[in-house]
Amino acid sequence: MAFDDLQAEIAMLINQMEEQPEDRHELYEQVRERLNEMRAYGMPLPQDLVDLEKALEAEFIATKEAAPPKKS
């Protein structure tokens, strides 16, 4: 996939994240996947997207840690 295509897809995913906050985790996974594709191809990563990825990851880790333990 071309660099421009990946950038456009990431921009679309971020737009979806803003419009549908209830699907943030799914969209985060998709953004992360696209960034990993860019990494695999040795493409430069926009720093703002790297920062977004780290912030969302921290958000989801904090949410997971704050959740009460599941009962078996």
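## Starting at R24

At 26% relative accessibility, R24 counts as partly exposed; that label covers values between buried (under 20% relative accessible area) and exposed (over 50%), using a 1.4 Å probe and protein chains only. R24 lies in helix α2. Its C-alpha atom is separated by 9.3 Å from that of I14, 10 residues apart along the chain.

A word on what you are looking at: this is a predicted model, where local features need pLDDT of at least 70, side-chain atom pairs count only at pLDDT 80 or more, and totals for chains, interfaces and linings use all residues. Residues are numbered from 1 along each chain as its sequence is written, and side-chain values use heavy atoms, with hydrogens and water left out.

## The overall picture

How many helices and strands are there in the protein? There are three helices and zero strands, and from the N terminus on the elements run α-α-α. The radius of gyration is 14 Å, well over the 11 Å that the globule rule gives for 72 residues, so the protein is more spread out than a compact globule. Helices here are DSSP runs (H or I, at least four residues), strands are E runs of at least two, and both are numbered from the N terminus. The radius is taken over C-alpha atoms, and the globule rule is 2.2 Å times the number of residues to the power 0.38.

Along its principal axes, the C-alpha trace spans about 45 × 25 × 20 Å. Buried residues make up 26% of the 72 residues. Now look at contacts, meaning heavy atoms within 4.5 Å: among those between residues at least 6 apart in sequence, 57% join residues at least 24 apart.

## Charges

The protein has 8 positive and 17 negative side chains, and the centres of the two sets lie 11 Å apart. Lys and Arg count as positive and Asp and Glu as negative, while His and the chain ends are not counted. Each charge is placed at NZ of Lys, CZ of Arg, CG of Asp or CD of Glu.

Now let's visit helix α3 (residues 47-66), where E53 lies. Is E53 buried or exposed? E53 is buried, with a relative accessible area of 9%. Not counting residues up to four places away in sequence, E53 touches Y28, R32, L35 and R39.

With R39 there is also a polar contact: the side chains of E53 and R39 are joined at 2.7 Å. A polar contact is a pair of N or O atoms within 3.5 Å; within protein, one must be able to donate a hydrogen and the other to accept it, and residues adjacent in sequence count only if both atoms are side-chain atoms. R39 belongs to helix α2 and, at 35% relative accessibility, counts as partly exposed. Leaving out residues up to four places away, R39 touches L45 and E53.

L35 has its place in helix α2 and counts as buried at 0% relative accessibility. Beyond four places in sequence, L35 touches I10, L45, L49 and E53. The C-alpha atoms of L35 and E53 are separated by 8.7 Å, although these residues are 18 apart along the chain.

R34 also lies in helix α2 (residues 24-40). At 14% relative accessibility, R34 counts as buried. Leaving aside neighbours within four places in sequence, R34 is in contact with L6, E9, I10 and L13.
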